Structures are given as C-alpha cells and as structure tokens.
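Look over the model shown here before reading on.

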Amino acid sequence: MFSSARSRSDQTAEEETKTRPPYVEAPDAKQSFQPKYKGACYCGQVEIAANSDPVDVRVCHCRGCQRTHGASYQWSAFFHKHQVLFTKGHDHLEFYNTETRAPQHKLPVKILCKSCHAPLCDEGRRMMLIFPPVFDWKDGKMPDSFKPRCHIFYGTRTFDIEDGAPKFEGMKEKSDKLPEVEGDSDDDDASNSKQPEARSEGKQDGTTSNGDAKAKSTVTAQQDAHGARASQNGAAKQDASMSNGQSNGNAAPEDSIASDVKRQRRSS
Ligand SMILES: [Zn+2]
Ligand SMILES: [Zn+2]
C-alpha cells in the first residue's frame, strides 16, 4: 500500500535529492570537501565524512529511536547537509522511512548500510543527523563537540543519565524540562557546547514513578509529535487517532532544529 501509492513526483524528488550533498559534493562549493571527521559502517562498504564540528548534539530516548536502534536511545550529531559527504558507497545504502514504514528514500529517512545494516544517520530535509559511533576518532578519543547537549523524550528513558545536559520529557521545544541542571536557557543550547556539570537531584525518579498511566499517555502524544520515529510504537490505533499531531510533528523537529541553527548562526 505504501510504496505503490507513491507518486511519480515523490520518486523524482528522491532522485533529485541524491544529486546533492551528502551524496555528492556541492557543485557550487568554493573548495573541495575537506573531511574533519571520517567514519564508516561496520563492514566498511560505506564511508561518511563531516567537514566541521556538529551544530547540535542530542540524545533521543523515544520509543521509536529505541526500537529502530535496538538501544536505549539514539545519539545524533547534527550537521548541515553540505557539511557531510558519503565518501564511499553512496550507492550502497538502505533507506527506511519510519512514517510510511517502507524502505524508501522519503525524507526524513533513516540510512543504513545495505550489507551490514549498521545505522549510519538520519537524513532530514535540511540536516544530517549522524550517529557519532560511526566516526573513527583521532587517538580513539571523542572530541567534546560530540557530547550530548540535551536529552529529549527523557520521559521514556530506560535508565538515568547524569551527564549534566538538560533533560526534556518530550520534544525539546514542546515539553517541560526535567530538573537536573539549573541556570541554562531553553532556547540557545544549540550554541552551548558545554553544559555545567550538575548532580541529579533524584527528582526524576519521583516524576516517573508517580502515575505511570498518566506518564504513558503523555509520552504517546509526544512521540507522535516527534513524528516519523514515533509511529513505530506499535499502537496503531493511537497512531491513527493522532494523525493530525503526527503529520504536524513530522515537520516540527526539523523546523525547530533549523531555527535553532539559524539562531546560532546569527549570534555567532
Ligand atoms: Zn556495511
Ligand atoms: Zn527519538
């Protein structure tokens, strides 16, 4: 149903996308792409590089990210598309759209290696979200610029993380910040690469153990707001009833990310 319903214009748009970064170098770039960070999939058939530090780094604890990664969370480093290049194997990729639940290159889309199926990144409309473990660090030490700057959908975390970064119960812009760190502002942490270290106040436990049912329904709505990734939580009925929020939400994360980045660029 999903893939057969795709229009010719959808497919044309997909092909069109692959003629631009990160699939090929930007044709109008003033100089050739100079990798700063190089990475690869598990089997090495796909290589990816970034030519700058990430503009934001987030950890998402939503159920969709947990399921698609088989992990407690998705850790993403945000780059503009022109800052990223598949240096090898850009024709050896596997795509998965979590909204349609179909293996198609429809943005936003998850990108994996076709052979080893290692998740490499998410491609949004404007941004690339690379999963930092893909990169090989110089001397094996991850640069500070890849440390998480906030946690989102922390309400569905599998365990607490005391890294001092701000924690949001759902989407960063649309939910309450959970008490862990004091004194950081809500709207500009895209530009704060370092957050003050702070101790967990132990309130988080209370927040989640109080009224599990209430927390669950809140989280479901927020997952839908989170968009594509949220739609894999298996609650098909709920997904359908939330379809409004879902389609709004699909655009929202990217848009909000883009506005974060714009603010950061203006202020720097
Ligand atoms: Zn591979
Ligand atoms: Zn997520």
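Strand β4 is mostly covered, with 6 of its 7 residues buried. Strands here are DSSP runs of E with at least two residues, helices are DSSP runs of H or I with at least four, and both are numbered from the N terminus. A residue is buried if 20 or more other C-beta atoms lie within 10 Å of its own, exposed if 12 or fewer do, and partly exposed in between, with C-beta atoms placed from the backbone. This is a predicted model, in which local features need pLDDT of at least 70 and side-chain atom pairs count only at pLDDT 80 or more, while totals for chains, interfaces and linings use all residues. Residues are numbered from 1 along each chain as its sequence is written, and chains are lettered from A and ligands numbered from 1 in the order in which they are written.

Two strands pair with β4, pairing being counted if DSSP finds at least two bridges between strands. Strand β3, residues 56-60, runs antiparallel to β4 over 5 bridges, and V57 stands opposite A77 of β4. Strand β9 is also antiparallel to β4, joined by 4 bridges; here F79 faces M128 of β9 as its opposite residue. In a regular strand the side chains alternate between the two faces of the sheet.

Beyond its neighbours within four places in sequence, F79 contacts A50, P54, V55, V84, M127, M128 and I130, a contact being two C-beta atoms, placed from the backbone, within 7 Å. F79 is also among the residues with the most contacts inside the largest nonpolar core, together with V46, I48, L120 and I130. That core has 28 residues; a nonpolar core is a set of buried Ala, Val, Leu, Ile, Met, Phe, Trp, Tyr and Cys residues joined through C-beta atoms within 7 Å. Elements giving two or more residues to this core include β4 (74-80), β8 and β9 (127-130), and β9 supplies the largest share, 4 residues. Apart from this core lies another of 14 residues, including C62, C150, Y154 and M171.

Strand β8 covers residues 119-123 and contains P119. P119 counts as buried because 21 other C-beta atoms lie within 10 Å. Leaving out residues up to four places away in sequence, P119 touches H69, K110, L112 and F131.

Taken whole, the protein has 6 helices and 13 strands, and 37% of its 268 residues are buried. Of the contacts with a separation of 6 or more, 59% are between residues 24 or more positions apart.
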